Amino acid sequence: MKKMIKFLLPVFVTACLTACQAKSKGNAEVNEKPNVVIIYLDDLGYGDLSSYGATEIATPNIDNLANNGVRFTNGYASSATCTPSRYALLTGTYPWRNKDAKILPGTAPLLIGTDQPTLPKMMKANGYQTAVIGKWHLGLGTGVVNWNERVTPGPNEVGFDESYIMAATQDRVPTVYIDNGHVAGLDPNDPIEIDYDHNFEGQPTGKENPELLSMKWHHGHNSSIVNGIPRIGFMKGGESAKWSDIDMADHFLEKVKDYVKTHKDKPFFLYYAMQQPHVPRTPHPRFVGKSGMGPRGDVILEADWCIGEFMKTMKEEGLLDNTLIVFSSDNGPVLNDGYYDDAVEKLGKHKPTGALRGGKYSLFEAGTRVPFITYWKGKIQSQESDALVCQMDLMKSIASLIGAEAPKTDSENVLPALMGESNTGRESLIIEATSRTALRKGDWLMIPPYNGPAVSKQVNIELGNSKEFQLYNLKEDIAQQKNLAASNPAKLKEMYDDFIAVRGE
Ligand code: NG6
Ligand code: CA
């Protein structure tokens, strides 16, 4: 008998411990499949976070993810602008395969085919609840959109059960939220009309009515005025539906908090697409002046705070042990992107690109190399990784995580790297910037010759254009100062052949 007790006791203790752990983890143990959350910023640079070397700004909540997860140093968006990067993220497909994957106006039709495989569709087919909350910018409808009826097809037709979005960007009309295809808060007696070519009679514009502006335009952004801010495109009507710019961050935050609270009993995939620090930068008054860097710094602080609040909710709901969180940005940084908002004047010593060359719109590294973090409490061990990973790879990698069959796309399975279990990512990657492409392979980066200005005067960013081939060893020369194309023709040929093999002539 004594022997029996001795034998059974450990079994009993183990069983009890397991039961207690399961209880304390609450929902986490109930879901056999992990939740997946993608937190995606807009125009946040490689050097914009304190966990990525920034010394003039503190981003403690994002740093918490970076310092307790995998902090990638070779993490890429597929592109140096928004629409193509988001296309690659959601379809696992190189955006240059779709000729329309360019910065879209607010009236553009849906860029993703409703018959195309997507990450949210894959999640849905594997028992996930799916939602997008925040910036969409992948087009809506099939051509001419009537904003006063259900706008379709849209996110709900490419895999999201639920969507609460802004159609394009914060600087483009329509400046309204769209709730599962319906403009939120629309008064049917005040219908919305949108036109990207012509103004509506009698409507003030940024160009003609500077006296009405609270924010001045520098280039572009001189059409309809909403909340004192001149936008891209013309809009009439929809007064009651117009968003409040300074409340946008709080608004999306409430939506994501509410989403996880109400969907925690079954696995979910949430794409939280934040608007910061894209223009117009409109921090809530709580954050105004807090960074000392003007609105661009202030909205980075605001975004960091939102992520902290979101993480608090995730913790309170007992979801952290069972959720993979991926944090990244759709493209690199820009200071003056069309408004006078002190981003240049108050920058001080801050370096949004870190040590990288270029910025948004550029084929140089700062266009596409962005903060990239994976975090999973208790599962992912804190570390830095130099594995080459791209947001496009999330589709195949998450398929591997959840045991799903992934459709054949350009996405590669880099799950071991995302989980911090391996330092091996993809071997090579084609990066894209405003329809131009280049090849990253191993430590090397090759940019073929392109016509076009070396520098965009409007935004003051080096674009990567040169009449010569460019070849850089990024390990030795992260700032891309030494073009080795002439001195290393063998490497150049190897890179060019590989580039053509993927990209075509
Ligand atoms: C550009 C806008 C820029 C920004 C960008 C899209 C002008 C002159 N510039 O055309 O302000 O809106 O498009 O940014 O209009 S993105 O991050 O969504 O790609
Ligand atoms: Ca962007």
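How far does a backbone N or O atom of Cys82 lie from an oxygen atom of ligand 1, and what is the value in Å? The gap is 2.9 Å, which counts as a polar contact (a pair of N or O atoms within 3.5 Å). This is a predicted model, where local features need pLDDT of at least 70, side-chain atom pairs count only at pLDDT 80 or more, and totals for chains, interfaces and linings use all residues. Residues are numbered from 1 along each chain as written, chains are lettered from A and ligands numbered from 1 in written order, and side-chain values use heavy atoms, without hydrogens and water.

**Around ligand 1**
- Cys82, Asp171, Arg172, Asp337 and Lys360 come nearest among the 20 residues around ligand 1, each with a heavy atom within 4 Å.
- The side chain of Asp42 places a polar atom 3.4 Å from a ligand 1 oxygen, and for an N or O atom in the His137 side chain the distance is 3.3 Å.
- Protein covers 86% of the 450 Å² of accessible area that ligand 1 has on its own (Shrake-Rupley method, 1.4 Å probe).

**The calcium ion (ligand 2)**
- Its protein donors (N, O and S atoms within 3.2 Å for Ca) are Asp42 (OD), Asp43 (OD), Asp330 (OD), Asp330 (OD) and Asn331 (OD1), at 2.2 to 2.7 Å.
- Along the chain, the donors of the calcium ion follow the spacing D-D-x286-D-N.
- The arrangement is irregular because the six donor atoms subtend angles of 51 to 173°; six count as octahedral if opposite donors are over 155 degrees apart and all others between 65 and 115.

Technical notes:
A polar contact is a pair of N or O atoms within 3.5 Å; within protein, one must be able to donate a hydrogen and the other to accept it, and residues adjacent in sequence count only if both atoms are side-chain atoms. Donors are N, O and S atoms within 2.8 Å of the metal (3.2 Å for Na, K and Ca); water is not among the atoms, so sites may look incomplete. Four donors count as tetrahedral if all angles lie between 85 and 135 degrees; four count as square planar and six as octahedral if opposite donors are over 155 degrees apart and all others between 65 and 115; anything else is irregular.
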